[in-house]
Amino acid sequence: MATATQAVQLTDSVSRYIAKSRQMLINGKWVDAASGKTFPTYNPATGEVLANVAEGDKEDINRAVAAARAAFDTGPWSRITPSERGKLIWKLADLIENHAEEFAQLESLDNGKPVTIARIADIPGTIDMFRYMAGWATKLEGNTIPISAHGAKFLAYTLREPVGVVGQIIPWNFPLMMASWKLGPALATGCCVILKPAEQTPLSALLLGELIQEAGIPDGVVNIVPGYGETAGAALAAHPNVDKIAFTGSTEVGKLIVHAATGNLKKVSLELGGKSPNVVFQDADIDATIPGAAMAIFFNHGQCCCAGSRLYVEAKEFDKVVDGVSQLASKIRVGPGMEPTTDMGPLVSEEQMNKVCSYLESGYAEGAKATVGGSRQGDKGYFVKPTVLVNTNEKMKVVREEIFGPVVTAIPFKDVDDLVVKANATEYGLAAGVWTRDIGKAHRIASQLRAGTVWINCYNVFDPAMPFGGYKQSGWGREMGHEVLNLYTEVKSVCTPIS
Ligand code: NAP
Ligand code: MG
């Protein structure tokens, strides 16, 4: 019988899945890269190779775009009814649910996150997203428009049509869920897709590809091309026959995507980085705020674009909140994601671990102090201890730049107006948190913060119905909710005289 310290038993299908080299999905066929090349994906808990995956590049992107183009322009997808589209998306959600444990294990092995968290967060979140978007397929309405042109009578109306062939490039922090945020609205609106998963975490997207076929979504509608950003990703962003590119990742790469898209002026939507302020007032319910502030930064090992990475606490409660968050951090059990007792797994890669550790070093060099954690854990796998930094200020790199790891900087404040200025003094604007019992103040601060999402007395609450995206350099457009449908549709005005 399994003891609490034994790793979760791999399902037979996951064992089989990783034992074989994985191919890419183009036009309904599983194929090798045109170059014949493969690349390894690693298990970040051990640093060992987990599986080898076909390495797509420009040639494969060309093949996938041709398939998507044909499926969109003349294939069965162009004739399918909205109701049938909705049913296919719903069926895909059901299939994911049937394979939930396999997906949870693949996410844990490939990304490092605890399998226990993938089971309750990533996989249900993915299923919910597809179900929510299935409902939208039948509700993409235009308007009738009363127009006054030429003083004559006209019938004028708008149609909401799919934008066409969409390139989607996603990151490694929530591999399957990011795929659902992208594919859900694309399928609901009738677009065709070329999806490029992140090189660190291609496996769950490839299993999803098998279920897309099993659901009966026609060949060529969804093509999945794993590979590197500089080759496959760049070729997709620049491709002249792609109508839109949807990207989630770093602000730096987001800017490259914008440049690459200029050739054919394809539509661009971007979900980028963040350095989100989490603001605690002294009148907050401090006992509820402390675990909330800890979860805001440590969830997913801090590898969240919306992580509450700048903790601002009103001076009177600063020590209590910092002590509380530090104590909780010290109790987080850091270990391999496949151990059932693990609260926090390794970071996704050696590169990410080194990046986070070099931020810690830069913090210390500028005078910051860790109240807990503060370094790598062990020498095998890519583990970093949950860390709280004090003695920090807005001039320091650790306060200005996105660390994308389990590191929060804590800063006291006295003056509320000054706090708002400091909270907004960032190139990012993705999310923010406000903790207070004063509802007037909560909503006033929420209106003053330049961020796409403001959580009041909570953090990291997501729902497929609630839009998410960034102000400033955190992105263009909103994903989720009905807002995202605007990113995947064109509006056509049609007008005719009727007298
Ligand atoms: P990244 O380097 O920007 O990678 C994101 C994706 O872009 C990957 O699939 C990557 O491919 C690809 N890529 C890299 N260079 C490219 C290029 N020149 N052209 C086209 N595609 C390219 O970011 P990351 O390090 O994987 O992810 C962490 C970042 O993503 C953080 O900054 C985080 O804030 C942000 N993020 C934002 C959100 C959001 O919703 N706003 C969500 C998650 C993450 P390869 O990995 O294969 O090289
Ligand atoms: Mg991996």
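1. Helices and strands here are DSSP runs, with helices (H or I) of at least four residues and strands (E) of at least two, numbered from the N terminus. The model is a predicted one.

2. Asn 460 has a feature to check in its backbone. Its phi is near 60 degrees, a positive value in a residue other than glycine. Most residues other than glycine have a negative phi. Is Asn 460 buried or exposed? Asn 460 counts as buried because its relative accessibility is 13%, and the cut-off for buried is under 20%.

3. His 150 also has a positive phi, of about 60 degrees, although it is not a glycine. This residue sits in the loop that runs between helix H5 (115-136) and strand E5 (154-162). His 150 has a relative accessibility of 76% and so counts as exposed, the limit for that class being over 50%.

4. Next comes the metal site. Which protein atoms are the donors of the magnesium ion (ligand 2)? They are Thr 41 (OG1), Tyr 42 (O), Asp 110 (O), Asp 110 (OD) and Gln 200 (O), at 2.3 to 2.7 Å from the ion. Along the chain, the donor residues follow the spacing T-Y-x67-D-x89-Q. Tyr 42 belongs to strand E3 (residues 38-43), while Gln 200 is in the loop between strand E7 (192-196) and helix H7 (203-215), so this pair ties together parts that are 158 residues apart in sequence.

5. Gln 200 is buried, because its relative accessible area is 18%.

6. Arg 22 is in the loop between helix H1 (12-19) and strand E1 (24-26). Is Arg 22 buried or exposed? At 10% relative accessibility, Arg 22 counts as buried. What does its side chain meet? A polar atom of the Arg 22 side chain lies 2.9 Å from the backbone oxygen of Tyr 17. The side chains of Arg 22 and Glu 210 also make a polar contact, at 3.2 Å. Leaving out residues up to four places away in sequence, Arg 22 touches Arg 16, Tyr 17, Asn 52, Val 53, Ala 54, Leu 203, Leu 206 and Glu 210.

7. Arg 450 lies in the loop between helix H15 (439-448) and strand E19 (453-456). With a relative accessible area of 45%, Arg 450 is partly exposed. Residues up to four places away in sequence aside, Arg 450 touches Asn 424, Tyr 428, Gly 429, Tyr 471 and Lys 472.

8. The largest pocket holds about 1300 Å³ of space. It is lined by 45 residues, and those closest to its centre are Phe 247, Gly 249, Ser 250, Glu 252 and Val 253. Which helices and strands each supply at least two residues of the lining? They are helix H8 (229-238), strand E9 (244-248), helix H9 (251-260), helix H12 (350-365) and helix H13 (397-400). The largest share, six residues, comes from H9. Sorted by class, the lining has 20 nonpolar, 12 polar and 13 charged residues.

9. Ala 238 belongs to helix H8, which is one of the elements that supply the pocket lining. Ala 238 is partly exposed, its relative accessible area being 39%. Which residues does it touch, not counting those up to four places away in sequence? Ala 238 touches Ala 260 and Lys 266. From C-alpha to C-alpha, Ala 238 and Lys 266 are 8.8 Å apart, with a separation of 28 residues in sequence.

10. A last point concerns Ser 330, which is in helix H11 (residues 318-331). A polar atom of the Ser 330 side chain lies 2.6 Å from the backbone oxygen of Gln 327. The C-alpha atoms of Ser 330 and Ile 18 are separated by 34 Å, and the two residues are 312 residues apart along the chain.

Note on methods: Residues are numbered from 1 along each chain as its sequence is written. Chains are lettered from A and ligands numbered from 1 in the order in which they are written. This is a predicted model: local features need pLDDT of at least 70, side-chain atom pairs count only at pLDDT 80 or more; totals for chains, interfaces and linings use all residues. Side-chain values use heavy atoms; hydrogens and water are left out. On a 1 Å grid over the protein atoms alone, a cavity is a set of points where a 1.4 Å probe fits but cannot get out, and a pocket is an open set with protein on both sides within 12 Å along at least five of seven lines; lining residues have an atom within 4 Å of a point. Grid points are joined across faces, edges and corners, and a volume is the space filled by probe spheres set on the points. Ala, Val, Leu, Ile, Met, Phe, Trp, Tyr, Cys and Pro count as nonpolar, Asp, Glu, Lys and Arg as charged, and the others, Gly among them, as polar. Donors are N, O and S atoms within 2.8 Å of the metal (3.2 Å for Na, K and Ca); water is not among the atoms, so sites may look incomplete. Buried means under 20% relative accessible area, exposed over 50%, partly exposed in between (1.4 Å probe, protein chains only). A polar contact is a pair of N or O atoms within 3.5 Å; within protein, one must be able to donate a hydrogen and the other to accept it, and residues adjacent in sequence count only if both atoms are side-chain atoms. Contact means heavy atoms within 4.5 Å.
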